[in-house]
Every structure is written in C-alpha cells, then in structure tokens.
Amino acid sequence: MHGLLNAVYGTLFTWGVTALGSACVLVVPGKRRDVLDISLGFSGGVMLAASYWSLLNPALELAEQQGWGKGSCIPVTLGLVLGAGFVLLADVLLPDTVTLISDELGAQKKCVSEQQECSGKSSTSHDTARHGTLRHRKPDQTPNEEESTDPNQDKTVEAKLRAVQLRRLVLLIVAITVHNFPEGLAVGVGYASVGRPGVDLQQAHNLALGIGLQNFPEGLAVSVPLKAAGFSTINSFFWGQASGMVEPIAGIIGVICVALVEQILSIALSFAAGAMIWVVCNDIVPEASSYNHTRLCSIGIIVGFVVMMCLDTALA
C-alpha cells in the first residue's frame with residue numbers, strides 16, 4: 001500500500017513539473033512563424049537527447065540485467081521498430097491526414113506568389129484575359145482590379161498546409177505522451193521495488209525527482225509550438241500538461257504489475273524512443289524547415305539537445 005501511495009505522489013510530482021514547463025507558454029509571443037520553427041527545433045533536440053539518455057541507454061542496461069547479455073540489442077531493437085511503426089500507423093489513421101505531396105504544394109504556393117507579383121508589377125496598357133485574349137484596360141483600372149488571384153486557390157493551399165502542420169503537431173503530442181508512459185512505469189516499479197536488496201526509498205525518490213525535472217523542457221516542447229502555430233494560450237497549456245497526465249496512470253500500473261512490467265520495461269522504453277525518433281525525422285524537422293528557417297530549426301535542435309543531455313546526465 002505504501003508503495004502504491006508513494007508511486008502516486010511521485011508521478012503526480014512528475015506530471016506537475018510537466019505542467020510547470022507548459023506554463024512557460026504564458027510568456028511566449030503569439031502566432032509567429034520564426035518562433036514556431038525554433039520551438040519545433042527545440043522540441044526535436046529535446047526528443048533526440050531523451051531518446052538516448054532517458055530511453056535507449058536504460059533499456060539496453062535493463063535488457064542486459066535480464067540476461068540478454070550481448071544480445072541486449074534484440075528486445076531494444078524490437079521496441080524501437082514497434083514504436084516507429086506505431087507513430088507511422090497513427091499518422092496514416094489521423095482523421096486530418098490527406099495524401100499530400102510537398103512538391104505539389106510548393107508548386108501551388110509558387111504559382112500563387114507569381115500571380116500576385118505579376119498583377120502588382122504590371123504597368124502595360126494591355127492585360128491578358130483569362131481566356132487568352134487581350135483587351136485594353138481602362139485608365140482608372142488597376143492591375144489588381146483587372147486580374148486578381150483566385151481566392152479559392154489561396155484558401156485551398158492554405159488549408160492543405162494547415163492540415164499538414166496540425167497533423168505534425170498532433171504527432172508531436174503523441175510522441176511525448178508515449179515517451180512519458182514508460183517513465184511513469186519506471187517510477188512505479190522503483191517504488192514497488194523498495195525493500196529489495198540494493199533498493200531503498202531514497203533511490204526511488206531520486207528516480208522520481210530526476211524524471212520530473214527532465215519533464216520540464218518536455219512540457220515546454222509541446223506547449224510553445226502549439227502557441228506559435230496559433231492555438232490559444234489555454235489550449236497550448238492544456239495539451240502541454242496533458243502529455244504528462246499518463247505518468248500517474250502508468251505509475252499505478254507499474255506498482256500493481258511490477259513483475260510483468262520489469263520484464264517488458266526495456267521494450268517499453270525503446271518503443272517510446274522509436275516513436276520520438278520517427279516524429280523528429282519525419283515531421284518536426286520537415287515542418288520547421290518548410291519556410292526557409294533551417295538555421296533557426298538547427299539552433300533550436302542544438303539548444304534542446306544540450307538542455308536535455310545535461311539534465312539526463314546530471315540526474316541519471
């Protein structure tokens with residue numbers, strides 16, 4: 001009973017730190033593309049660092065302790081592939097997902113841009129009619145009045161781009177949430193193991209403290225991109241803290257099913273790592289680089305990676 005209560009308290013603490021990180025969205029500027037891209041890069045860096053130091057490295061150590069020896073990479077590889085496959089399946093099944101080719105979208109954007117540029121710079125007295133004929137423009141008629149960009153086309157391109165962006169942000173939330181679940185399991189197992197040889201209550205507290213402090217930049221990594229993408233401050237905060245909501249649930253499962261969880265924890269950790277690596281490579285980096293902010297994205301990745309690496313190694 002004490003182990004269960006301690007696990008609940010410990011995972012509530014880790015969830016609270018996630019919410020505290022998400023609360024930083026209160027001081028972040030509103031909808032700005034540069035803020036979105038650098039925050040996405042930061043999220044990617046945090047996730048890449050966490051994939052190794054918080055997930056893959058502990059998973060390999062656990063597998064070795066379980067008797068896999070030099071074959072410890074086998075269950076870890078299985079979990080990693082399953083995690084990447086899970087996010088790929090989620091991507092396919094998301095309701096907002098449509099089959100979009102980035103090159104086609106780029107061509108449509110370029111076409112719209114060229115039409116606007118031509119209509120704004122035209123100074124000749126003859127305009128080309130939409131059906132290919134030429135007609136004289138009245139002296140008091142501006143080019144924009146005569147030949148305007150089709151608003152429906154603009155809206156279609158914008159809607160498709162928005163759908164892609166929202167899908168990628170949803171996958172970011174999914175990946176962080178999936179990553180938090182095995183961490184909650186680890187806290188639960190830690191408290192349930194108190195009293196076993198070499199395990200005391202202080203060690204379990206230290207584990208919860210370390211995971212909690214690591215969750216601060218993860219909450220930030222979810223809420224800030226949402227705010228920069230145009231979500232309200234309240235919604236951004238809600239989804240940021242919600243990504244850590246699974247930890248108390250996982251902690252309880254870890255205590256109740258400690259024997260089973262200990263056997264599958266290495267796979268669960270690597271599963272989360274696979275999900276995060278897939279999202280970074282397939283969604284976060286392409287989205288953050290889609291508006292020629294590659295350098296901002298790269299700066300964000302390095303900063304996020306360093307922050308998470310320092311937290312993980314200092315609190316290991």
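**Helix packing and aromatic pairs in a predicted model**

Of the 316 residues of the protein, 42% count as buried (under 20% relative accessible area, with exposed meaning over 50% and partly exposed in between, for a 1.4 Å probe and protein chains only). The structure is a predicted model, in which local features need pLDDT of at least 70, side-chain atom pairs count only at pLDDT 80 or more, and totals for chains, interfaces and linings use all residues. Residues are numbered from 1 along each chain as its sequence is written, and side-chain values use heavy atoms, with hydrogens and water left out.

**Overall make-up**

- The protein has 11 helices and two strands; these are DSSP runs numbered from the N terminus, with helices (H or I) of at least four residues and strands (E) of at least two.
- Along the sequence, the elements follow the pattern α-α-α-α-β-β-α-α-α-α-α-α-α.
- Among contacts (heavy atoms within 4.5 Å) between residues at least 6 apart in sequence, 84% join residues at least 24 apart.

**Nonpolar core**

- The largest nonpolar core has 53 residues; such a core is a set of buried Ala, Val, Leu, Ile, Met, Phe, Trp, Tyr and Cys residues joined through side-chain atoms within 4.5 Å.
- Two or more residues each come from H2, H3, helix H6 (151–192), helix H7 (201–228), helix H9 (246–256), H10 and H11.
- H10 gives the most to this core, with 13 residues.
- The residues with the most contacts inside the core are Leu40, Met47, Met276, Val279 and Ile284.
- Leaving aside residues up to four places away in sequence, Met47 touches Leu172, Ala175, Ile176, Met276, Val279, Val280 and Ile284.

**Aromatic pairs**

- Rings of Phe, Tyr and Trp (its six-membered ring) pair if their centres lie within 6.5 Å; planes under 30 degrees apart count as stacked, over 60 as edge-to-face and the rest as tilted.
- By this rule there are four aromatic pairs.
- Trp53 and Phe305 form an edge-to-face pair, at 5.7 Å centre to centre and with 70 degrees between the planes.
- This pair links distant parts of the chain, with Trp53 in helix H2 (residues 33–68) and Phe305 in helix H11 (residues 294–314), 252 residues apart.
- Trp53 counts as partly exposed because its relative accessibility is 27%, and Phe305 counts as partly exposed because its value is 29%.
- The pair of Phe86 and Phe271 is tilted, because the ring centres are 5.6 Å apart and the planes are at 50 degrees.
- Phe86 lies in helix H3 (residues 73–93) and Phe271 in helix H10 (residues 258–288), so this pair ties together parts that are 185 residues apart in sequence.
- Phe86 is partly exposed at a relative accessible area of 35%, and Phe271 is partly exposed at 24% relative accessibility.
- Tyr52, Trp53 and Phe305 are linked into a cluster by ring pairs.

**Surroundings of Phe86**

- Phe86 touches Val174, Val178 and Phe271, not counting residues up to four places away in sequence.
- The C-alpha atoms of Phe86 and Ala175 are separated by 9.8 Å, although the residues are 89 apart along the chain.

**H2 against H11**

- The axes of H2 and H11 come within 6 Å and cross at roughly 35 degrees; axes are lines fitted to C-alpha atoms, for helices over the stretch in contact, with angles from 0 to 180 degrees between N-to-C directions.
- By class, the contact of H2 with H11 has 16 nonpolar, six polar and three charged residues; Ala, Val, Leu, Ile, Met, Phe, Trp, Tyr, Cys and Pro count as nonpolar, Asp, Glu, Lys and Arg as charged, and the others, Gly among them, as polar.
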